[in-house]
Amino acid sequence: MGSRVEWNARRCLDIASGLFLLVCLAAAAPRADAQTQASDWLRFEEILPTEIDPARNFGQAMAATGDLAAIGAPSERVDGKVLHGAVYVYERVNERWRQRARIVPSGGTASMHFGSALAIHDGQLLIGAYGAQAQQGRVFVYSGSGSSWSLSQTLQANVTSSQFGYALA
């Protein structure tokens, strides 16, 4: 049997595939709470969208850097459009994750799966939408921080039926 930390990490991955995303945060020092022992620095925190709907696939994609995390919900219904998708931006403040923004592209379409892949780098959030433009796919590049994000660029492949944006790194 592995250590408590190894077991907790495996359990976190099991739970994260459910209806919500469970983020495992490594603490900088041991804490005296119910989830932590002197030799165990793993801490759990649930991150949930403001409205829970299991059909949105919240947590299918996630990107994080420092105190910023983006979580995709690529099956979310937006303005009556099925499988449109959305991305939720969270910021860690005083050791707690707080929702700061919900990003949906203007003029989005059904079945675009916006938020199916995510990457964050230097204040830019890349959001994959492999179903956009009749499965050709797009990657939307947003710039900003906290609650303020604006579309700065849209990327697309030069081939049809490519599902561009299916994966990002």
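The side chains of Arg92 and Asp67 form a salt bridge with an N to O distance of 2.8 Å, where a salt bridge is a side-chain nitrogen of Lys or Arg within 4 Å of a carboxyl oxygen of Asp or Glu. Arg92 belongs to strand S5 and Asp67 to the loop between S3 and strand S4 (68–73), so this contact ties together parts that are 25 residues apart in sequence; strands here are DSSP runs of E with at least two residues, numbered from the N terminus. The model is predicted, so local features need pLDDT of at least 70 and side-chain atom pairs count only at pLDDT 80 or more, whereas totals for chains, interfaces and linings use all residues. Residues are numbered from 1 along each chain as its sequence is written, and side-chain values use heavy atoms, with hydrogens and water left out.

**Salt bridges**

- The structure holds 3 salt bridges, including the one between Arg92 and Asp67.
- Arg92 is partly exposed at a relative accessible area of 23%, and Asp67 is partly exposed at 42%, given that buried means under 20% relative accessible area, exposed over 50%, and partly exposed in between (1.4 Å probe, protein chains only).
- Glu76 and Arg102 meet through their side chains in a salt bridge of 2.6 Å, N to O, and this pair links distant parts of the chain, with Glu76 in the loop between S4 and S5 and Arg102 in strand S6, 26 residues apart.
- Glu76 counts as buried at 7% relative accessibility, while Arg102 counts as partly exposed at 41%.
- Glu91 and Arg100 form a salt bridge of 3.2 Å, N to O; Glu91 is partly exposed at 27% relative accessibility, and Arg100 is partly exposed at 34%.

**Aromatic pairs**

- Rings of Phe, Tyr and Trp (its six-membered ring) pair if their centres lie within 6.5 Å, and planes under 30 degrees apart count as stacked, over 60 as edge-to-face and the rest as tilted; by this rule there are 4 aromatic pairs.
- Phe58 and Tyr88 form an edge-to-face pair, 5.6 Å centre to centre with 75° between the planes, and because Phe58 lies in the loop between strand S2 (42–47) and strand S3 (62–65) and Tyr88 in strand S5 (residues 86–93), the pair ties together parts that are 30 residues apart in sequence.
- Phe58 and Tyr88 are both buried.
- Phe114 and Tyr142 likewise form an edge-to-face pair, 6.4 Å centre to centre with 75° between the planes, and both residues are buried.
- Ring pairs join Phe114, Phe140 and Tyr142 into a cluster.

Definitions and conventions. Helices (H or I, at least four residues) and strands (E, at least two) are DSSP runs, numbered from the N terminus.
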